[in-house]
Amino acid sequence: MARRGAKRRLLSLAAAALASTMVLAGCGGSGSDEATVDANGKPIVKILITRYSTDVAMKTMGWTKDIETACDCTIKWDDVADSSWSQQKSAVLASGDVPDVSIFTFDPTDGEQYPYFEDLSKHLNQMPNVKKFFATQTSAKKMVADKEGHVYVLPSDRGENYRVSSNHMFINKTWLDKLGLQMPTTWDELTKVLTAFKTQDPNGNGKADEVPFNMRRIDTTGFSLWNPFVLLNSMGITTSFAGTSPSFQGIYVKDGKVGNFLESDEYKSVVKYLHSLMEQGLIPADALTREDAAITADTVSDGKTAKSGMIVGWATTDFEKLKDQYVALPSLKATASTPDSDVTWDSSQDLTELSNHAIAVSKDAPNKEAIYKVVNALYGEKVSIQQYYGDIPEDVTSSDNSTYTVNDRCFDSSTKDPCKATADRFAGWIPDSATVKNDQASEALKEADSAYTKAFANVDQTKDVMPIYVRPDSDDQTTITNNNTAVLNYALTKTATWIQKGGVDADWDAYVKKLDSVGLTQNVKLWQKYYNEYTKN
Amino acid sequence: MPKHGSFISRLGEHFKRYWQLWLMVTPAICFIGLFAYVPMYGVQLAFRDFVPSKGLAGGPWVGLKYFRQFLESPMFGNIMKNTISISLWTMVMGFIAPIILALLINQIGSTKVKGFVQTITYMPHFISTVVIVAMINIFLTPGTGLLGRFLGDTSLLGNPNLFTPIYWITEVWQHVGWNSIIYLAALSSVDTALYEAAKVDGARRFQLIRYVDIPTILPTCGILLILNMGSVLNVGFEKVFLMQNALNLSSSEVISTYTYKIGIVSNQFSYSTAIGLFNTLINFVFLVIANTISKRVSETSIF
């Protein structure tokens, strides 16, 4: 008897062990049996949105009720912080368990590479607002559609208020006036101004704590926003340092011909110039290893005594309390003899205004009809405004049909009651017919941008800039990425060394040869192929 | 029952006698099986063109394509050189330092002082990598840093030749105290009679260490060396990645950071699996070599 009892115990223990492993194995499973209708029989739409971690919760935003009314459904918001999403994304794509609806999460390349997403171009008739958007903003549609015209991810458009460059140079006007200096127009003049900043104590605190050119360090992955190589525009290479632009890997276009500035003479000149600045102590000696926090600290200083003479940045708001001291510095000429018509400026307008990864819908999502209604509502004018700026009437007042005034509170970072908006994480379209007043963020940008009007006149938006809708297919994209890892790894190290120690002339030929051998030439050819393909009509 | 029965009956006999023991290890076996062996199914990714929609076994078989791609990549030589130099330096110094520290601590007479020194030396082990790297950055900041103020106007982190030393010195500093604990434990098992006998024979302090302490901890050293060898190329990803900048990239790109850039950032799962597998193979070779040497030299081995 005792033996049988032991056997039974053994069996139950084994069963328990088995069950526990099954529980462990079951952890990764998706809960596909969840209800798709709520208690009142209304369809449930689940939307995942990636957020800045400090934002207010989605469900507290007033405009979300408007969408629920429009679709006659219940929306379940899933707010995911940026930092955690970047870790999850690859895993989600590999597992195929994509959210029903997702905002600011996937881009068109994901849509083409992975067969999980609904082709939204087939449903434009169910989404008249999106249809109208595509008809009005043709480059928005081209930006997301693949060669066969499928659209897996809808773009968003924050309107003409943001049709500006992402990069601007700012110089301390108060210092210039105090030292009796003119705005520099060439590199040589800039050097003189920066030298004066360094030696003549323009902030008047008796200490030599001025940082003449508060330069950002060079990223290890490429040319990101606000890097000093915007100086390439002084010699006619139009950069486009923002978002998904291939400019970050050195690709540029001039008169319809694609090139890579990493091996251009213009690049060499900029490197030489930056080295000369560093040699004279006009760029911090540790500029290439400095943390972002140190750069910001020098930019905003203590809010009273300015420390930076010049930066490459976004808008004067970068300087916070000191913003009145700074003005945008127009694109410089390389030398006094450079013809005016050669000077351009960073052209990233489309990338600033449009985003190509606004909203995607899963192929297997339940309640598709309700989802299309939701998407349509999101792209309506009033909802778009509210998504971007905040609730009407608490945060934005709407005086007549298409004029909106944003509350001052929305731009006060210290307020305890921020405006209920998703800002650039929105999925919507603010048409040019809508007028948005008191958008202080865009006003600062536009003011900065106005300094570059002359330079922009020299840029042909198709012939001198890689249009945002040019996208290699996924095989070529893989080749390009693999080459880039090698190209940038070598080129950026070299560049950083040259800026620090000089010696660019001696190394140049070997450097160019090496870049070609690790794939730079192949990449230029591929980009040229796609440029031709996308711009021929 | 015959003593040398068939295999099955012997097995039956074995389980009859030892089933309690087997039952006890069942959860552990399940755990290891589930989390260490089942995922190995994914290794085949390295030999296939992974198509997510078709699942792990779905894509076309491409054989050694990705291994060839890695070996022929212009980055290969440099990455291997960096990985090996960083990891060998870290391993050798990280292996020797705790032994020396343990021998020194063991010489301290007062238990209070001994405890204090131990606590102080193992504390940094509990600081997270991100914080450690931030601290390194701050220490080396020219002008204001604890060390940086004496070292010229550029940060040492910008010098590619110094990347490896900075890496292993900080690594040793962080973990030396913690890793010496196991040696201290081994040393505590020394029979005090041995010390007495050696002293009677006229041994001085250094001779005590040489003829009593070191032989005592030698087997522990052997085992730990073999275990460390198995992960010689697994240079920690976070620390290297956080310490990277455009100036030191030429000596700081290692297998793990490259795998991250290729695999996670560029979504090339097959390629990065191949690189990871390559890494594991090399680790395995190192492990076997270390084990063979250790077996010959000190008759200590793990297999």
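**Reading charged pairs**

Mentor: Asp432(A) has a relative accessibility of 41% and counts as partly exposed (buried is under 20% relative accessible area, exposed over 50%, partly exposed in between, with a 1.4 Å probe and protein chains only). This is a predicted model, in which local features need pLDDT of at least 70 and side-chain atom pairs pLDDT 80 or more, while totals for chains, interfaces and linings use all residues. Residues are numbered from 1 along each chain as written, chains are lettered from A and ligands numbered from 1 in written order, and side-chain values use heavy atoms, without hydrogens and water.

Trainee: Which side chain meets that of Asp432(A) in a salt bridge?

Mentor: Side chains of opposite charge can pair when their charged atoms come close. Here the partner is Arg163(A), at 3.1 Å from N to O (a salt bridge is a side-chain nitrogen of Lys or Arg within 4 Å of a carboxyl oxygen of Asp or Glu).

Trainee: Are Asp110(A) and Lys89(A) buried or exposed?

Mentor: Both are buried. Their closest N and O atoms are 2.9 Å apart in a salt bridge. Asp110(A) lies in helix H4 and Lys89(A) in helix H3 of chain A (helices are DSSP runs of H or I, at least four residues, and strands runs of E, at least two, numbered from the N terminus).

Trainee: How many salt bridges are there over all chains?

Mentor: There are 25. Asp82(A), Asp424(A) and Arg425(A) are linked in a network.
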